[in-house]
Amino acid sequence: MLSSLLVANRGEIARRIIRTARRLGIRTIAVYSDADAGLPFVAEADEAVEIGPANPAQSYRNARVILDAAKSTGAEAIHPGYGFLSENAAFAAEVINHGLIWVGPGPDAIEAMGDKINARNLMAAAGVPVAPGSQEPARTTDEALKAAAEIGFPVMVKAAAGGGGMGMAVAEDAEGLRKQYDTVRGFAERMFGDGSVLIERYFPRVRHIEVQILGLHDGRVVALGERECSVQRRNQKLVEETPSPALTPPRRAALLAAAVRAGEAVGYRNAGTVECLFDPVGDEFFFLEMNTRLQVEHPVTEAVFGVDLVEEQLRVASGLAPSFDPAALTVTGHAIEVRVNAEDPKRFLPGPGAITTWVEPAGDGVRVDAGYAAGTTVTPSYDSLMAKLIVHGADRAEALARLRAAVAGFEIAGPKVNLPFFAELLDHPEFVSGDYDTGIVGRMR
């Protein structure tokens, strides 16, 4: 097992990684911006290094200062968490070239899956179902219109290098496509440094379901179930649950098998997620993208499988076998996670501020992964995620009941908070029934 680990991230995911590393006897090093100096993850690490100002480009996305911190502290490995540099193939390669261990998939896999068009083509070649869409970037509006004519409206206009629900727009017709193409292309150039655009079939009523995969050190790829992620605002997830209420056992088996093929196709190692769209009307699923990192919503998988995914990441990176028998994986109960954000619960606009009250819920089957505490401040410099509230029950009904109580018992004052939205959602007939799709939030507003 590794002896020391630098966590190249912040907030709740940094705390999460530090917690497991400490349990395994690994010395932990945190890096932090000056805006985050007072956050819990800084104090909980064995050592902490300030790496720059709040601007992520000068701190958490600055490869040089992170590598300098690793060198100065004698870190053996770097765990990138999610976001920031976690899916940056060049950074992963640089970490390895510096003689450090990268806790994640190899640079080649990151690069192969980082471009959505390339990823779609690779998956199609591996026999993984993909939605109808362009096989090459639409370089001009005319090329986008030609692709849409072949696919049929409505279409999704997507940044090929995007992720996290960013750089996506729906075009209902040719006029809308002309407008959205320019918007998405401009956004992609600014945010990702790559203006490549993908045109893909749009499903008006669809579910977003992903599969957790783990590429083992010996080359095997295993699937640890699926996660339903259809409760979203602006194409970004708010709630995740497992197992998905939408899947029959045969469809689940087919989905998991396709995700394993996806991982095998790129020689995947470490934790990753194969994201898919599921059309309940046609009972068919399509590859969406692969996230080559640990997901925000990994705790629900941990809850039902009894597996610590961060530990498994560290074991793979150390060249060790998994702590579990892949042939004996079984799902126990049902788990749901909600993302507690510093945002308005009606319009979901960010509402940062100083936290004056922070009281976490507790009880059977309740887990809170938090990045903040009373006396700390949510700044506008980063994502609005403050904490993840996870519940586990014997079945979905018990999980829902526990989540209602936990949401009611979570007290946060100071910044705006979206907890009232979750209270509303948990009593909404569509969600309670399990028969919902990615449009549920829009129908609630």
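**Core and helices**

Modeller: The largest nonpolar core has 99 residues. L5, L6, I78, V231, V340 and M386 have the most contacts inside it. Such a core is a set of buried Ala, Val, Leu, Ile, Met, Phe, Trp, Tyr and Cys residues joined through side-chain atoms within 4.5 Å. Buried means under 20% relative accessible area (1.4 Å probe, protein chains only). This is a predicted model: local features need pLDDT of at least 70, side-chain atom pairs count only at pLDDT 80 or more, and totals for chains, interfaces and linings use all residues. Residues are numbered from 1 along each chain as its sequence is written, and side-chain values use heavy atoms, leaving out hydrogens and water.

Colleague: What is I78 in contact with, beyond its neighbours within four places in sequence?

Modeller: Its partners include L5, L6, F91 and W102. Contact means heavy atoms within 4.5 Å. Apart from this core lies another, of 26 residues, among them A112 and M290.

Colleague: New topic. At what angle do α3 and α4 pack?

Modeller: About 25°, with their axes 11 Å apart. Axes are lines fitted to C-alpha atoms over the stretch in contact, and angles run from 0 to 180 degrees between N-to-C directions. The two helices, α3 and α4, are therefore roughly parallel (angles under 35 degrees). Helices here are DSSP runs (H or I, at least four residues), numbered from the N terminus.

Colleague: Which residues meet there?

Modeller: A63, I66 and L67 in α3 meet F91, E94 and V95 in α4.

Colleague: And which residues of α9 are buried?

Modeller: L255, L256, A258, A259, V260, A262 and G263. Just after α9, G267 takes a positive phi of about 60°.

Notes:
Buried means under 20% relative accessible area, exposed over 50%, partly exposed in between (1.4 Å probe, protein chains only). Angles under 35 degrees count as roughly parallel, over 145 as roughly antiparallel, 65 to 115 as roughly perpendicular and the rest as oblique.
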